[in-house]
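Here is a short tour to read alongside the model. Keep the sequence and the 3D view open as you go.

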Amino acid sequence: KRAEKRIRDHAFVAMQKRGIKKMQGVVHVGIGVVQKSRRGDLDNFCKTVLDAMNGLVYTDDRIIDDIHVYRVIEDDERTIITVTEVIHGDS
């Protein structure tokens with residue numbers, strides 16, 4: 001729950017700074033987990049991130065059509081999250 005709150009707080013600030021509103025269309029999510037050592041399951045990191053942003057960054061996590069999750073081993077631990085709303089043009 002602490003991790004979810006931290007992610008949610010960072011997402012809120014990032015959206016406010018950029019003037020981004022809650023996404024309602026198809027969404028693609030990228031999650032980079034940077035750790036000092038290999039620990040935890042990537043699917044658990046993914047679930048924590050997606051749950052934290054649900055209802056804030058996007059209306060509901062069922063609008064996510066693509067998720068890319070990766071892990072990198074480095075000393076500077078962090079989580080890198082990108083969320084992109086896919087805009088389909090008129091056909």
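## Strand pairing and overall fold

In which sense do β1 and strand β2 pair, and over how many bridges? The two strands run parallel, and nine bridges join β1 to β2 (residues 64–73); strands count as paired if DSSP finds at least two bridges between them. Within this pairing, Val 34 sits opposite Val 72 in β2.

This is a predicted model, in which local features need pLDDT of at least 70, side-chain atom pairs count only at pLDDT 80 or more, and totals for chains, interfaces and linings use all residues. Residues are numbered from 1 along each chain as its sequence is written, and side-chain values use heavy atoms, with hydrogens and water left out.

The protein has two helices and three strands, in the order α-β-α-β-β along the sequence. Helices (H or I, at least four residues) and strands (E, at least two) are DSSP runs, numbered from the N terminus. A right-handed β-α-β unit is made by β1, α2 and β2; right-handed means that, with the strands pointing away from the viewer, the path from the first strand over the helix to the second runs clockwise. The C-alpha trace spans about 45 × 25 × 20 Å along its principal axes.

## The nonpolar core

Of the 91 residues in the protein, 24% are buried (buried means under 20% relative accessible area, exposed over 50%, partly exposed in between, with a 1.4 Å probe and protein chains only). The largest nonpolar core has 18 residues, and those with the most contacts inside it include Val 27, Val 29, Ile 31 and Leu 50. Such a core is a set of buried Ala, Val, Leu, Ile, Met, Phe, Trp, Tyr and Cys residues joined through side-chain atoms within 4.5 Å. Two or more residues of this core come from each of α1, β1 and α2, and α2 gives the most, with five.

In soluble globular proteins, nonpolar side chains tend to be buried together.

## A loop glycine

Where is Gly 55? You will find Gly 55 in the loop between α2 and β2. Gly 55 counts as partly exposed because its relative accessibility is 30%. Gly 55 and Lys 22 are 33 residues apart in sequence, and their C-alpha atoms are 7.8 Å apart in space.
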